[in-house]
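Biologist: I'm new to this one and would like to learn how to read it. Could you walk me through it?

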Amino acid sequence: MQLKNHVKAIKGEILVPGDKSVSHRAIMFASIAEGTSTIKGLLKSEDVLATIKAFLEMGIKIEEKDNVFIIEGKGFSGLSQAHKPLDLGNSGTSMRLLSGILATCPFKTVLTGDDSLSNRPMDRIVKPLRQMGLDIAGQGEKHYPPLVINGNTVLRPIHYQLPVASAQVKSALLFAALNTEGNSEIIEKQLTRSHTEEMIKQFGGKLTQKELQITISGIQKLKGSHVNVPGDISSAAFWMVAGLIVDNAHLRLKHVGINPTRTGIIDVIQKMNGKISISKSNNDNTADIVVESSDLVGTMIEGDIIPRLIDELPIIALLATQAKGQTIIRDAQELKVKESNRIALVTEILSSMGANIKATEDGMIINGKTNLHATTVDCKGDHRIGMMTVIASLIVDDGNIELVGHETIATSYPQFFEDLRSIIGE
Ligand code: S3P
């Protein structure tokens with residue numbers, strides 16, 4: 001696909017689509033709770049549809065009426081064995097969280113995915129779930145998908161210190177612990193997104209948290225609830241960066257979720273001198289975010305902020321190419337095991353456009369400000385790298401970027417190109 005180059009201005013408002021992490025979890029909790037749940041603002045992207053399809057195949061009734069999803073949950077024991085392997089497409093969140101749910105369901109399930117998901121390590125969940133007594137295995141030493149799970153109603157509770165900062169691993173263990181008799185203790189390496197903990201409480205469950213330690217006891221029964229999904233800050237991030245790096249830009253991003261475990265990008269933009277203002281809503285954890293063209297400076301991004309902006313690092317790397325001075329991203333080795341190796345791919349793509357960027361063992365070093373040039377880019381099935389490339393094209397003035405593989409953007413943001421057209425006035 002040939003991308004638009006060098007736009008002269010961008011203006012307007014975008015109602016950012018629903019948060020992907022919250023959407024997956026809302027479907028999961030509604031399916032394992034007892035009674036009816038309703039979900040408003042659910043993200044209807046390929047990843048989330050994979051989660052919905054998995055629960056439909058396990059016998060859960062899920063309907064959509066006037067943009068509200070209605071789910072009839074029947075408790076953990078209401079899930080029935082799927083007749084075929086559950087295909088989770090590109091979605092690591094679906095595979096890892098579902099493994100935690102299926103752990104205590106007394107039947108066999110096979111979980112598969114696309115090429116990208118088939119190359120993502122599942123050993124991070126296999127190891128602790130085996131510690132609980134689960135029969136679970138993937139392929140090879142790193143337990144790549146397909147994953148075979150033989151669920152078991154009598155697992156042992158777990159005391160586990162996570163070796164990686166991962167909300168997916170934490171959530172898988174919380175799901176398994178919710179339906180396992182006894183007290184489990186999960187200790188995070190660093191604070192990661194808290195949507196699972198929030199939703200356990202919202203669906204009537206209990207847990208206690210003290211800094212990095214979560215204590216949860218099972219067996220708990222959850223009750224149907226109503227979820228209002230906020231806009232996804234990880235999707236808004238692309239427009240935040242567009243609004244900062246394009247000349248004559250003024251964008252308002254509406255109803256964006258600002259759970260503090262997700263707002264690292266806002267802190268970084270402020271440190272880089274970006275013009276950004278946040279107006280919080282009074283009645284939920286959302287805000288309208290306004291960004292404008294800015295003179296940016298480089299910064300250091302490391303340590304505990306990394307899990308708070310892990311999915312935004314590709315677009316932050318692009319932002320750094322337009323900032324004066326050096327930006328260093330450290331402690332982000334997790335980027336290597338995302339939908340692609342994002343350290344390698346971001347560096348390769350931005351270098352091919354003329355940026356001064358170097359990959360390191362655990363991040364990137366970027367020196368700005370540099371002009372970016374037209375070239376051909378293959379985003380290799382990684383939705384966020386596809387969107388980063390589209391935003392980069394807006395400031396390229398010597399031709400058009402050819403993007404190979406743009407279809408993957410529907411993984412998390414199906415209306416991305418429509419929203420883009422609305423702000424460039426097409
Ligand atoms: C997610 C957690 C993060 C993130 C992913 C969504 C979640 O992954 O990168 O896009 O919804 O829990 P990790 O748990 O691997 O860090």
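Biologist: How far is an oxygen atom of the ligand from a polar backbone atom of Gln168?

Modeller: A polar contact is a pair of N or O atoms within 3.5 Å; within protein, one must be able to donate a hydrogen and the other to accept it, and residues adjacent in sequence count only if both atoms are side-chain atoms. Here a ligand oxygen is 2.8 Å from a polar backbone atom of Gln168. Side chains take part too: an N or O atom of Ser166 is 2.7 Å from an oxygen atom of the ligand, and an N or O atom in the side chain of Lys338 is 2.7 Å from an oxygen atom of the ligand.

Biologist: What should I know about the model itself?

Modeller: It is a predicted model, in which local features need pLDDT of at least 70 and side-chain atom pairs count only at pLDDT 80 or more, while totals for chains, interfaces and linings use all residues. Residues are numbered from 1 along each chain as its sequence is written, and side-chain values use heavy atoms, with hydrogens and water left out.

Biologist: Which elements give two or more residues to the shell around the ligand?

Modeller: Helices are DSSP runs of H or I with at least four residues, strands are runs of E with at least two, and both are numbered from the N terminus. In this case the elements are helix 1 (20-32), helix 3 (92-102) and helix 5 (167-178).

Biologist: Why does the ligand lie between domain 1 and domain 2?

Modeller: Domain bounds come from an automatic or database domain assignment. Domain 1 (2-17 + 230-424) and domain 2 (20-228) both contribute residues to the shell, so the ligand lies between them.

Biologist: Where are the cis peptide bonds, and which residue has a positive phi?

Modeller: Most residues other than glycine have a negative phi, and most peptide bonds are trans. Here a cis bond joins Gly218 and Ile219, with omega about 10°; Ile219 is in the loop between strand 12 (213-218) and strand 13 (226-228). Another cis bond joins Gly368 and Lys369, with omega about 5°, and Lys369 is in the loop between strand 21 (363-368) and strand 22 (376-378). Asn248, which is not a glycine, has a positive phi of about 55°; its place is in the loop between helix 7 (233-245) and strand 14 (249-257).
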